[in-house]
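Have the structure open as you read.

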Amino acid sequence: MSLNLKREDWFHITRDVDWDFSYIERGAAFPDSICGGAGVADAAWTDWDEPYKVSYTEYVATQREKEAGAYAVKNALQRSKIFDSLEPGWKSAAKLHFGATVGIEYQGVSGEGRMARFGLSPAWRNVGIFGALDEIRHNQIGLYFAHEFVQRDPQYDWAQKTYQTENWAAAAGRRLIDGIIHIPVVDIAIALPFLFETGFTNLQFVGLSADALAEGDVSFANMISSIQTDEARHAQQGGPTLEILMEADPKRAQWIVDKQFWLTARGFALVTGMATDYYTPLENRRYSYKEFMQEWIMDQFLRNLEDYGLQKPWYWEEFVDGLEIWHHAMNIGAWFYRPTVWWNPAPGVSKAERDWLCEKYPNWQRYWGDIWDQVAENLEQYRLGSTYPETLPWLCDMCLLPVGSAGAPNSSYPVRSYPLTYQGTTRQFCSKVCRQIWWADRDMVNHNTLVDRMLAGSIDNAFRGADEEYRPDLLELLPYLGLTESAIGDDAYDYQWVDDYHGAQA
Ligand code: MN
Ligand code: MN
């Protein structure tokens with residue numbers, strides 16, 4: 001073959017050539033149980049197309065440039081004093097990000113790998129290969145960038161550690177990503193590239209990158225925007241897959257979107273919601289989480305759904321109301337449960353921050369003001385003990401996030417659980433929607449939450465002899481959650497924000 005072939009003469013052959021099987025049935029190579037192609041004619045997949053159309057040579061050249069760029073900036077800044085000048089709240093946002101996302105990037109390799117092998121058209125499988133290579137890079141760059149800080153602050157070690165622990169927040173993240181990638185590949189393409197990557201990672205990677213720049217954390221900003229350029233490309237696996245499924249089985253397509261959108265939104269409220277509205281120092285907050293969500297999700301993404309002929313999810317109103325509730329409740333929860341997490345929660349409720357919150361969230365004072373006043377008063381009176389939990393958060397059986405984190409006092413979504421008894425076991429849910437999702441698929445039926453395990457005595461037995469009295473308390477549980485003394489979370493500002501409250505109590 002001549003080495004001088006023009007790109008247009010060979011590219012379509014390398015990108016999109018399929019073949020017939022002569023010694024097995026096609027279904028043996030592409031089983032419905034893994035591919036999720038049931039109900040869609042094989043021929044329909046020949047229309048699968050995406051806009052990037054990258055060759056391997058081009059891919060390698062571009063990726064090499066991106067890598068060189070991000071690492072050059074990091075090296076140039078390595079001996080600078082930037083790290084010391086970063087605000088504690090911002091470091092918490094970065095540690096939450098490293099711990100929550102770097103391991104998920106590695107899970108992404110598995111999801112992309114499944115599409116690379118079982119995608120139902122050759123063009124799709126090719127993008128899947130690039131996607132898997134992308135996710136390896138994201139995992140590696142995240143580990144490498146966090147590693148620099150481990151010697152100064154062991155909480156950065158959670159970039160590597162999180163998903164190898166039984167930490168409650170890790171379990172919620174693991175459930176989210178497992179539920180998105182260990183499913184048939186047609187479902188993966190909708191849940192991962194279309195919803196998770198197109199809909200939501202923009203919030204975390206584009207939004208947080210801008211905050212990082214404002215904060216002066218140039219290395220971090222470079223790292224995550226470098227990652228996001230890959231996501232934008234391999235996220236293109238979602239649209240064409242959704243289009244074909246909408247033709248053949250719109251009901252199934254709608255269910256995948258409804259289910260995965262809700263669960264993904266729950267997870268991002270914790271990671272992006274808290275970082276945007278509470279951890280990022282006030283002077284560098286340009287948008288609230290709700291404003292981001294209004295622009296990226298409620299406006300752009302909803303239009304995107306409509307373009308594919310999909311309906312708004314049935315719970316849309318509750319989701320929109322949740323922008324006033326979820327991440328605010330999670331912020332109080334994360335602060336209260338601070339010894340159980342790998343970052344130092346920033347309360348984000350100084351007087352100036354409260355003014356900002358009330359401006360962005362008209363119900364903030366009514367829903368959250370009294371609780372934080374009480375916390376501040378306890379701290380002022382040196383009742384530190386009453387600002388700590390005695391045991392684990394009560395966890396939703398579906399999203400695995402704390403029950404109560406989908407509600408607020410004095411709201412139409414009050415702090416309560418939504419129970420369901422099935423086969424003699426009563427399960428607790430954070431919301432009606434999580435309960436309904438659990439019931440519809442029952443794919444979480446064999447999962448025991450941390451609280452289930454504690455009540456069954458299986459956590460306790462890991463630390464003491466079976467003959468000893470069973471007495472779970474938080475200190476005993478911390479090792480099970482993966483927390484060592486040097487990494488246990490505490491108030492990011494060492495309680496100094498309470499000074500702001502002096503004399504504020506009547
Ligand atoms: Mn990624
Ligand atoms: Mn990705």
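The model is predicted, so local features need pLDDT of at least 70 and side-chain atom pairs count only at pLDDT 80 or more, while totals for chains, interfaces and linings use all residues. Residues are numbered from 1 along each chain as its sequence is written, chains are lettered from A and ligands numbered from 1 in the order in which they are written, and side-chain values use heavy atoms, leaving out hydrogens and water.

A salt bridge here is a side-chain nitrogen of Lys or Arg within 4 Å of a carboxyl oxygen of Asp or Glu. The whole structure holds 29 salt bridges. Here are some of them:

| Pair | N to O distance |
|---|---|
| Asp42 and Arg26 | 3.9 Å |
| Arg152 and Asp84 | 3.1 Å |
| Lys360 and Glu291 | 3.0 Å |

Lys360 sits in helix α17 and Glu291 in helix α14, 69 residues apart; helices are DSSP runs (H or I, at least four residues), numbered from the N terminus. Lys360 is buried, at 17% relative accessible area, whereas Glu291 is partly exposed, at 28%. Buried means under 20%, exposed over 50%, and partly exposed in between (1.4 Å probe, protein chains only). A network of salt bridges also links Lys66, Glu67, Asp134, Arg137, Asp230 and Arg233.

Now for the cysteines. How many disulfides does a search of the whole structure find? It finds zero, a disulfide being a pair of cysteine sulfur atoms within 2.5 Å. For Cys430, the nearest cysteine sulfur belongs to Cys434, 3.7 Å away. Cys430 is buried, with 2% relative accessibility.

Notes:
Helices (H or I, at least four residues) and strands (E, at least two) are DSSP runs, numbered from the N terminus.
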